[in-house]
Amino acid sequence: MSNTIRIAVVGSGYVGLVAAVCFAEMGHNVICVDNDQQKVDALRSGDCLIHEAHLPELLERYRNSRVRFTNDLGEATRGADAVFIAVGTPQGDSGVADLSYVEAVASEIARSLNSYTVIVEKSTVPVYTNEWIRRVMERNGVAKHLFDVVSNPEFLREGTAVRDFLHPDRIVVGTDSERAAAVLSKIYEPLTSGGYYEQPGAIDGFCTSSEPPPLLLTSTKSAEIIKHASNAFLALKISFINAVSNLCEAANADVEQVARGIGMDSRIGPRFLRPGIGYGGSCFPKDVAAFRCVAEELGVDFSLLAEVEKVNKDQKIRFLNKVRSALWTLRGKKLGVLGLSFKGGTDDIRESPAIELVRMLIAEGCSIRAFDPAAMTRAEHVLPAGSSLQYVSDEYAASNDVDALLILTDWSEFGRLDLQRLNRLMRYPIVVDGRNLYEPDVMLKNGITYFSVGRPTRHHMHELAATGTR
Ligand code: UDX
């Protein structure tokens with residue numbers, strides 16, 4: 001087998017597009033397939049379609065050379081050693097993953113196969129999916145020796161997707177076939193050998209040629225469960241710290257200190273312990289629900305996952321109540337909102353807790369001045385501007401003459417505001433921060449009453465009165 005593998009990637013969403021350009025960066029020849037001709041045309045002409053660091057430069061470097069775009073799945077399959085399925089698995093009824101796109105793609109691949117090809121599940125799928133893909137192949141008359149099915153889950157985060165792909169904590173390859181394992185090992189060899197990290201112009205990250213990422217070989221089913229279990233565990237960590245933050249509020253303790261204290265235990269680790277207004281995005285909500293459904297289908301009691309979801313849902317309501325208690329009543333209040341995307345560094349608003357909160361605040365009779373550095377265009381599609389909602393050009397315009405300013409997304413620039421300017425602009429200097437971007441003392445020094453998550457509230461007026469320094 002030569003070092004350059006011919007790869008087809010089906011689906012040009014976050015996972016598919018990032019995988020396609022990264023495989024090209026690793027030296028492979030890639031053809032990326034999408035059935036949406038407009039998307040194909042846009043990608044061919046260099047439009048990235050998503051807001052993602054390093055993606056524009058890699059797309060520019062490889063488009064129409066090492067990465068080509070097409071809508072012809074049959075042609076792409078016929079020329080490939082491995083076909084990666086990276087199509088959506090949306091949430092269907094009661095949380096079950098809708099696998100109809102995966103099935104449609106598998107049937108079409110089956111109709112085009114003419115030599116040995118590895119079919120790789122890259123989409124997040126329930127544990128029995130590889131078996132179904134295998135059955136679809138066989139039902140379409142594909143001989144057993146012409147294919148293998150592999151699960152190779154992707155752990156990339158939006159905003160750092162390219163770096164996460166090229167500098168992974170681990171590469172998981174689930175297969176029951178040695179031949180398929182050899183193809184996947186070859187594909188990832190530039191990373192696992194460390195060779196990629198010595199390449200001039202390699203994307204920077206924590207992997208190096210002396211510390212390359214490990215490749216973990218497992219059974220197909222274990223790999224499928226690893227993906228769901230990883231996302232569910234991270235969501236659980238977030239819900240856990242959010243529940244602890246509620247306890248801290250009741251006990252007048254500081255959740256940031258508590259999180260630091262827990263996270264220093266190397267068995268727990270400090271990451272994904274940031275309290276806030278709940279997790280969102282295209283993965284955690286959907287994957288926790290899908291994993292819960294898989295457990296139910298298999299007759300396993302995993303009600304812990306339902307609790308994770310409940311804490312996450314309640315966290316938004318708690319925040320709404322926090323705004324209410326800061327302002328006494330909500331009807332008729334004018335609020336500034338900073339952040340609409342589901343987290344900082346992305347324009348993605350899918351399952352964004354910020355969007356949901358804006359909706360709830362409008363329903364309570366508030367009028368909103370909202371700003372987000374990247375997500376306003378997308379937000380306008382689901383929350384059109386009108387008498388209760390205005391989109392404004394920056395953080396200070398959002399603060400102008402408002403009864404309170406709310407921080408809903410952890411964009412780093414929201415943590416570096418000119419607080420004196422903010423204080424002068426707001427009608428009442430009240431900030432309700434759902435992401436704990438400030439030290440309470442700093443807000444107090446700038447004359448701002450500050451509510452955050454899981455920390456004692458600092459009331460500017462009360463504290464001045466107590467120290468006698470008005
Ligand atoms: C996630 C997984 O991290 C990734 O491995 C998987 O492949 C896809 O899903 P992503 O959805 O891009 O990635 O975002 P992530 O950075 O994990 O954040 C998810 C949500 O959790 C965001 O709403 C974020 O604000 C929230 N979050 C994250 C917290 O509230 N606290 C934390 O400590 C971390």
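## Phe272 and its loop

At 25% relative accessibility, Phe272 counts as partly exposed, a label for residues between buried (under 20% relative accessible area) and exposed (over 50%), with a 1.4 Å probe and protein chains only. Phe272 sits in the loop between helix H10 (255–263) and helix H11 (284–297); helices here are DSSP runs of H or I with at least four residues, strands are runs of E with at least two, and both are numbered from the N terminus. Its backbone is worth a look too: Phe272 has a positive phi of about 60° although it is not a glycine.

Before going on, please keep in mind that this is a predicted model, where local features need pLDDT of at least 70, side-chain atom pairs count only at pLDDT 80 or more, and totals for chains, interfaces and linings use all residues. Residues are numbered from 1 along each chain as its sequence is written, and side-chain values use heavy atoms, with hydrogens and water left out.

## Another positive phi

Asn436 also has a positive phi, near 50°, in a residue other than glycine. You will find Asn436 in the loop between strand E13 (430–433) and helix H17 (440–445). With a relative accessible area of 11%, Asn436 is buried.

## The chain as a whole

Zooming out, the chain has 18 helices and 14 strands. Its radius of gyration is 24 Å, close to the 23 Å that the globule rule gives for 470 residues, so the chain is as compact as a globular protein of that length. That radius is taken over C-alpha atoms, and the rule is 2.2 Å times the number of residues to the power 0.38. Along its principal axes, the C-alpha trace spans about 85 × 50 × 45 Å.

Of the 470 residues, 54% count as buried. Take the contacts (heavy atoms within 4.5 Å) between residues at least 6 apart in sequence: 71% of them join residues at least 24 apart.

Not counting residues up to four places away in sequence, Leu340 touches several residues, among them Ile349, Ile355, Val358, Met376 and Tyr391.

Leu357 belongs to helix H13 (residues 353–363) and, at 1% relative accessibility, counts as buried. Leaving aside neighbours within four places in sequence, Leu357 is in contact with Ile277, Lys316, Phe319, Leu320 and Leu408. Leu357 and Lys316 are 41 residues apart in sequence and 6.8 Å apart in space, C-alpha to C-alpha.

Leu304 lies in helix H12 (residues 304–327) and is partly exposed, with a relative accessible area of 46%. Arg139, in helix H6 (residues 129–139), counts as exposed at 63% relative accessibility. Arg139 and Thr220 are 81 residues apart in sequence and 20 Å apart in space, C-alpha to C-alpha.
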